[in-house]
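These are my notes from one sitting with a model.

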Amino acid sequence: PLAYYCAYFSIRGADDFDSEIMINGKEKVKQKMKELEALGNGMSVKEKGMYTVLELVLEMYERGFKFLPIDLYKSHSTKFQIEDGAIRPPLSSIAGLGGVAAETIYRAVKEENGKFMSIDDFQIKSKAGKAVIEMLTKFGCFEGMSKSNQISLFG
């Protein structure tokens, strides 16, 4: 089943997958589904697509499977991956982070062998803008990483 979910989310559901909603548990998924249902016939094509993906995500949770957090070093740019009996979403599943930006980040991580000295170092090497840095920070991708390369003498 995990291979099916990974393939579906990577291929069919990629554009309609929103990690902020979908990786945070069954209750958040149900809440979003209710919000969309309340729109009735007023649902946009994008919202209908998201609803379909939400149904599959809910099924996945009901079967006892879960998502791992998005990880700067472990997440692929665009493909969902099976890891430790769960699914790791790609960088591109962050709403607002496009496939091109995700691929650029993914390449920068691979070139650096997953070692950035700081968020500033990451930003320079990945050419990520401020908005991308904010998105990745929101998902905890920089936990434990210092903001800059400079050492404080008075800290």
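Predicted model: local features only at pLDDT ≥ 70, side-chain atom pairs only at ≥ 80, totals over all residues.

Residues are numbered from 1 along each chain as its sequence is written, and side-chain values use heavy atoms, with hydrogens and water left out.

Entry: α3 and α4. I took helices (H or I, at least four residues) and strands (E, at least two) as DSSP runs, numbered from the N terminus. Helix α3 (residues 26-39) packs on α4 at about 150 degrees, and the axes lie 10 Å apart. Axes are lines fitted to C-alpha atoms, for helices over the stretch in contact, and angles run from 0 to 180 degrees between N-to-C directions. The pair is therefore roughly antiparallel (under 35 degrees is roughly parallel, over 145 roughly antiparallel, 65 to 115 roughly perpendicular, the rest oblique). I listed the contacts (heavy atoms within 4.5 Å): on the α3 side they include Val29, Met33 and Leu36, and on the α4 side Met50, Leu54 and Leu58. By class, I read ten nonpolar, no polar and seven charged residues in this contact (Ala, Val, Leu, Ile, Met, Phe, Trp, Tyr, Cys and Pro are nonpolar; Asp, Glu, Lys and Arg charged; the others, Gly among them, polar).

Entry: α6 and α7. The axes of α6 (residues 119-126) and α7 (residues 130-138) come within 11 Å and cross at roughly 130 degrees, and the two helices are therefore oblique. The crossing is right-handed. Ile119, Phe122 and Gln123 of α6 meet Lys130, Ile133 and Leu136 of α7. I read four nonpolar, one polar and one charged residues there.

Entry: α1 and the cysteines. In α1 (residues 2-11) I found Leu2, Tyr5, Cys6, Tyr8, Phe9 and Ser10 buried (buried is under 20% relative accessible area, exposed over 50%, partly exposed in between, with a 1.4 Å probe and protein chains only). Their cover includes α4 (45-62), β1 (81-83) and β2 (86-88). I searched the whole structure for disulfides (cysteine sulfur pairs within 2.5 Å) and found zero. Cys6 is in none, and the nearest cysteine sulfur, in Cys141, is 18 Å away. Why does Cys141 count as buried? Cys141 counts as buried because its relative accessibility is 7%.

Key. Left-handed = near helix turned anticlockwise from the far one by under 90°.
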